[in-house]
Amino acid sequence: MLFLHNRVTQSELMGYGIHFLPDAGPRSLIDNNTIRDSANSCIELRSPDGFSINGNSIDGCGDTAVSLFGPTNVTVEDNTMVNSGMGVGVVDGTSLFVSNVQNGIGLMKLNGQSKLSSISGNTVQKCEESAIKLYGQSNITVKDNRLANSKYGIYSENAISLAVSDILDAGINVRFSTMSSISGNSIQSGGYAAIALGLLFGPANDVKDAADTKANLTSSSSNITVEDNTLVDGTWGIYSDSVTSLVVRNNTIIDNSDSGIVILSMSSADIRSNIVNNNGGAGIQMCESLLDSTIINNTVKGNNGGGMRIASSRATSIAGNSLDSNIGYGISLCHKVTEFGAFVGMSLCAEVEGGASNKLIENFVTASTNAAEIYIGEECVDTVLEGNVAADNEDDQLLIDNQSPTTSISSGNVPNF
């Protein structure tokens with residue numbers, strides 16, 4: 001079936017511009033139409049199979065520009081959608097391909113059990129909530145989109161195998177998701193956080209309260225990789241709360257108003273080979289690392305809240321990092337949680353102090369302002385310092401709190417503490 005080069009305006013028939021029922025048949029083409037001023041959706045398709053929606057100009061839809069219910073093998077490409085409640089709304093889609101949609105005001109929303117789908121090459125802006133929303137998805141790829149001037153660029157919840165890459169301008173918020181990656185994005189002024197993971201943020205309420213956080217802790221995200229992103233001019237670069245098996249590597253995080261990387265209430269995090277410079281808070285801030293976390297080969301320079309602030313960590317290895325010209329401690333281990341700043345009190349990590357079995361190995365720490373290069377705070381048990389270089393003409397190179405008596409210091413540190 002073909003529906004080509006038509007002009008549909010001020011539709012009165014059930015309020016739709018184009019409306020296909022489930023028995024409309026497979027492999028239909030809706031191409032190069034002008035559709036305006038529909039009371040409901042401008043295009044609504046029920047159980048479409050093999051449809052192509054290409055090159056349409058859609059304006060002034062009362063609800064959604066394109067609504068798809070139970071689509072299979074549907075392509076939405078090269079459409080312009082403006083002045084509508086949403087751009088593309090999908091429920092229970094399979095093998096959906098959305099690309100090159102120029103969307104003036106709305107958003108893209110996938111609900112239900114959509115799977116094996118891609119959203120690529122779109123421009124979405126001026127959304128009051130999220131440019132792209134994903135709920136309960138599996139094997140979804142979001143790539144090469146420009147998402148601007150919206151509260152969230154991408155908001156994803158309960159996703160499995162989500163891949164997000166090459167997003168420009170807006171932030172990414174992922175909650176209750178597994179086996180997902182966020183890579184190759186350039187995000188400026190991403191709101192609260194350029195990339196937010198876990199329990200803290202959500203469209204309904206920006207900050208989750210402590211009781212809700214505790215109740216949902218077991219359903220947070222796991223096996224998340226964040227790599228090769230450039231994150232600038234937001235509040236935080238990466239803010240993660242209650243994520244298991246988190247990898248953060250090869251990101252450039254600069255000029256954010258608060259800390260560059262904030263990792264809270266996690267087990268098994270690998271923070272590796274990131275550049276974290278000139279942020280308003282700490283470069284890297286970690287609280288309550290429960291199992292085998294590593295902070296390795298990062299460059300942390302010129303941050304206003306210190307280089308690394310680590311609290312309530314267990315068996316964390318901090319190795320091979322270069323820290324220079326940070327205001328505050330270069331590396332602070334067993335840092336007081338009460339000094340961490342906004343929102344941290346709402347995380348479980350606020351309940352735990354001290355730390356145990358942490359290692360500082362072959363870090364190069366220089367020119368920290370108004371503080372020691374390396375600080376071991378209260379109740380740090382069985383800390384190991386080996387092969388670190390600390391250089392500063394202003395303050396102590398190493399400062400150990402008198403309530404942390406079990407620090408093991410090798411002869412390979414410079415100076416020989």
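In this predicted model, Cys42 and Cys61 are tied together by a disulfide, with their sulfurs 2.0 Å apart. The torsion about this S-S bond comes out at about -110°, so the bridge is left-handed. Distant parts of the chain get linked here: Cys42 sits in the loop between β5 (34–36) and β6 (43–46), while Cys61 belongs to the loop between β8 (57–59) and β9 (64–69), 19 residues apart. Cys42 and Cys61 are both buried.

That bridge is one of 2 disulfides in the structure. Another runs from Cys334 to Cys380, with an S to S distance of 1.8 Å. Here the torsion about the S-S bond is about 115°, so this disulfide is right-handed. As for accessibility, Cys334 has a relative accessible area of 6%, so it counts as buried, the cut-off being under 20%. Cys380 is buried too, at 0% relative accessibility.

Val124 is part of strand β17, which covers residues 123–125. With a relative accessible area of 0%, Val124 is buried. Its C-alpha atom is separated by 8.5 Å from that of Ser150, a residue 26 positions away along the chain.

Notes. Residues numbered from 1 in each chain as written. Predicted model: local features only at pLDDT ≥ 70, side-chain atom pairs only at ≥ 80, totals over all residues. Heavy atoms only, no water. Helix = DSSP H or I, 4+ residues; strand = E, 2+ residues; numbered from the N terminus. Buried < 20%, exposed > 50% of the residue type's maximum accessible area, 1.4 Å probe, protein only. Disulfide = S-S within 2.5 Å.
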